[in-house]
Amino acid sequence: MTQVTNMLQAQENTIKSVEEKILSQLPSGIHLAQTQEEIQAIINLRKNFYQDDRDEVKAFHDDGLDTSGYVFYSMDSNGSITATVRLLLDSQRGFPEEEFLPESVHQMRKTGKVFAELGRLLILEHQSTQLPLLYKVVYDVAHILNVDAILIVMKKNNYSSHQKIMEVKILSEEMGLSWDKEKATLCLVEWDIKAPQDKFYKLANRSIDHKFRKKMWDQYSTYHLGVCTSVQHEVYSDIASKVKGHILDLGCGTGRIMGFIQENPHSLSYTGIDVSKGMIELATELKDRLAYKQANLIISNIEKIEGKYDTIVSTLSYYCWHNKELCLNHIKGMLSENGIFFLVTPNNEFDKEKLTRLVIRDSFGHPYLDKFLSFNFDIAEKAKYPTLDELIKQVRKAGFSIISAHSNFFLGGVSCLELKTSL
Ligand SMILES: C[S@@+](CC[C@H](N)C(=O)[O-])C[C@H]1O[C@@H](n2cnc3c(N)ncnc32)[C@H](O)[C@@H]1O
């Protein structure tokens, strides 16, 4: 009996801490419905909005699932609700449109994929600018809830705009008729929220996120491979001497560290992943020239990689990750027992002028020198590099503990952390 009580208490604590996290991340003006009064006001809004007596429309207003989902809303200055949306985790109670779900969803459920449904979206006409904001809220909350993909039932003529911006794909063309007077046919789409979302980030106005685009890294790839400075060598050879087992390199670029890892007898395999196709193509050429059989190179976003690794490394990439907290959480889940994560990223002491002199010293006469420098100036201009202390706070918050921390390389301009997961 005590065991059951403890379990229920633990569950309740988890729910509370998830809710706290959601509340702390909500943008101003967006609320999470937490009381019966708030839910009832939202149900009333749905009723007033559709004013239709069809049975399915009645079910739309109040399907009894609001209290098991996360219902968000915004209000005008008079306190009237102007927009609302609901995120519902796939559970034993299923989705509201469960009977219409295509076989593909049942199959994906069997593989352990976690779904949530974005539904009951209603925005009063004069508030249409709220749409990206509500989607952004749902997207962020879905990440907090460890959801892989969001399912949305929508009118078919809304599909192409969603496809363009969120790269959704259709799972079913036939999900019945819409709730409004038009009675348009509805379709079911899947929004893969772990895929890169450049256009969506831009639309949702995520300020820093779209400073670093895939395309920019593609353009930089030739110069990244071409020029490799002595300060980079120091970092790569230091990290490579400490790795062991199966190694994952996140944001590997053109895989410059790969040749150093290849020489370490304790390394069993190297997997480099990068979101940029250009970077991975050149890294693959380098791998072939090194004849490194145990190396794999994959075009992927960090959040999409699966598997367990003994060592995870990431050099000079963290500062441009779109969603650092999400990536750190995901990395934690990929470390094998006793696994180590080496994180190296520029800090606020990064001295552009002094480092430039070193690059010129090392690579004067190199045909790509000027391009290399101008790309790096551009990056340093756009980036906001955290202090060593700030970085430590960020990784601790994500559940890592520090084995070692220093800033000995790059003339003190990079923070180097050796991390393990906290117990
Ligand atoms: C400056 S390069 C560093 C490459 C290499 N690690 C090094 O030390 O030279 C940063 C790389 O991180 C990659 N990157 C940024 N965010 C990423 C993400 N979320 N998932 C995968 N790669 C990412 C970029 O495409 C880029 O190639």
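Modeller: In this predicted model, the ligand has 17 residues around it, of which Trp217, Gly251, Gly253, Thr315 and Ser317 come nearest. The shell around the ligand is made up of 9 nonpolar, 6 polar and 2 charged residues.

The helix to look at is H11, which covers residues 277–290, 14 residues in total, and from its first C-alpha to its last it reaches 20 Å, close to the 20 Å expected at 1.5 Å a residue. Its buried residues are Gly278, Met279, Ile280, Leu282, Ala283 and Lys287. In general, residues three or four places apart in an α-helix point the same way, because there are 3.6 residues a turn. Just after H11, alanine 291 takes a positive phi of about 50°.

Strands E9 and E10 belong to an open sheet of 7 strands with mixed pairing, in the order E10-E9-E8-E11-E12-E14-E13. E10 and strand E13 (400–406) are its edge strands, each pairing on one side only, and neighbouring strands of the sheet are turned by 20° against each other on average, with direction ignored. H11 packs on this sheet, where it touches E9 and E10, and its direction makes about 165° with that of E10. Elsewhere in the sheet, strand E11 (residues 309–315) and strand E12 (residues 335–346) pair in the parallel sense over 6 bridges, and tyrosine 309 has leucine 335 in E12 as its bridge partner.

Notes:
Residues numbered from 1 in each chain as written. Predicted model: local features only at pLDDT ≥ 70, side-chain atom pairs only at ≥ 80, totals over all residues. Near = placed C-beta within 6 Å. Nonpolar A, V, L, I, M, F, W, Y, C, P; charged D, E, K, R; others polar. Helix = DSSP H or I, 4+ residues; strand = E, 2+ residues; numbered from the N terminus. Expected span 1.5 Å × (residues − 1). Buried ≥ 20, exposed ≤ 12 C-beta atoms within 10 Å, placed from the backbone. Pairing = 2+ DSSP bridges. Axes fitted to C-alpha atoms, helices over the stretch in contact; angles between N-to-C directions. Contact = placed C-beta atoms within 7 Å.
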